[in-house]
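Work through the exercises below with the sequence and the structure at hand. Each task is followed by a solution in steps.

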Amino acid sequence: MLRASATTTETEVNINGINGNVAAADVGVEFGAELMQFAEAVATRNQAGLEHSRTALRSIAGTDVLVDAASVAANFQRMVRIADSMGISIDDTEADLG
């Protein structure tokens, strides 16, 4: 979706930013590095990383951006839980966590 959005808006992005490349995350995405670090901390459930990335994101981008980022992360969690409760398996990742 990032690639399609970037093409539509004619914005240069570096898709490697979704794989943890901090320099790539900053290409074409405002606050990209901070957003990527926040998203990784949420996804990996890294409490210390979450506290650090949340503070960094709020400091550089402001409260509104932090709230938006947290809302997007929460929405993804919600969608996965709804799919799981309906019996739609997203992937086998949860099996590894159990």
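**Exercise 1.** Leaving aside its neighbours within four places in sequence, find which residues threonine 11 is in contact with.

Solution. Contact means heavy atoms within 4.5 Å. With the neighbours within four places in sequence left out, threonine 11 touches Ala6 and Gly28. Helices (H or I, at least four residues) and strands (E, at least two) are DSSP runs, numbered from the N terminus. Then take its accessibility: threonine 11 counts as partly exposed because its relative accessibility is 31%. Buried means under 20% relative accessible area, exposed over 50%, and partly exposed in between (1.4 Å probe, protein chains only). Last, compare sequence and space: threonine 11 and valine 29 are 18 residues apart in sequence, and their C-alpha atoms are 8.6 Å apart.

The model is predicted: local features need pLDDT of at least 70, side-chain atom pairs count only at pLDDT 80 or more, and totals for chains, interfaces and linings use all residues. Residues are numbered from 1 along each chain as its sequence is written, and side-chain values use heavy atoms, with hydrogens and water left out.

**Exercise 2.** Describe H3: its reach from first C-alpha to last, and which of its residues are buried.

Solution. Helix H3 covers residues 32-44. Its 13 residues reach 18 Å from the first C-alpha to the last, close to the 18 Å expected at 1.5 Å a residue. The expected span is 1.5 Å times one less than the number of residues. The buried residues of H3 are Gly32, Ala33, Glu34, Met36, Phe38 and Ala41. These buried residues pack against H2, helix H4 (47-61) and H5.

**Exercise 3.** Which residues make the contact of H3 and H4, and how do the two helices cross?

Solution. First the geometry: the axes of H3 and H4 come within 8 Å and cross at roughly 155 degrees. H3 is therefore roughly antiparallel to H4. Axes are lines fitted to C-alpha atoms, for helices over the stretch in contact, and angles run from 0 to 180 degrees between N-to-C directions. Angles under 35 degrees count as roughly parallel, over 145 as roughly antiparallel, 65 to 115 as roughly perpendicular and the rest as oblique.

Then the residues: H3 contributes Glu34, Leu35, Gln37, Phe38, Ala41 and Val42, while H4 contributes Gly49, Leu50, Ser53, Arg54, Leu57 and Ile60. By class, this contact of H3 with H4 holds seven nonpolar, three polar and two charged residues. Ala, Val, Leu, Ile, Met, Phe, Trp, Tyr, Cys and Pro count as nonpolar, Asp, Glu, Lys and Arg as charged, and the others, Gly among them, as polar.

Now look at one residue of H4. Serine 53 lies in this helix and counts as buried because its relative accessibility is 4%. Leaving aside neighbours within four places in sequence, serine 53 is in contact with Gln37, Phe38 and Ala41.

**Exercise 4.** At what angle do H3 and H5 pack, and at what angle do H4 and H5 pack?

Solution. H3 and helix H5 (residues 63-85) pack at about 40 degrees, with axes 11 Å apart. They are therefore oblique to each other. The contact is made by Leu35, Phe38 and Val42 of H3 with Val65, Leu66, Ala69, Ala70 and Ala73 of H5. The residues of this contact of H3 with H5 are eight nonpolar, no polar and no charged.

For H4 and H5 the angle is about 135 degrees, and the axes are 7 Å apart. This pair is therefore oblique. Arg54, Leu57, Arg58 and Ala61 of H4 meet Thr63, Val65, Leu66 and Ala69 of H5.

**Exercise 5.** Where is arginine 45 placed, and is it buried or exposed?

Solution. Arginine 45 is in the loop between H3 and H4. It counts as exposed because its relative accessibility is 66%. Its phi is positive, near 60 degrees.
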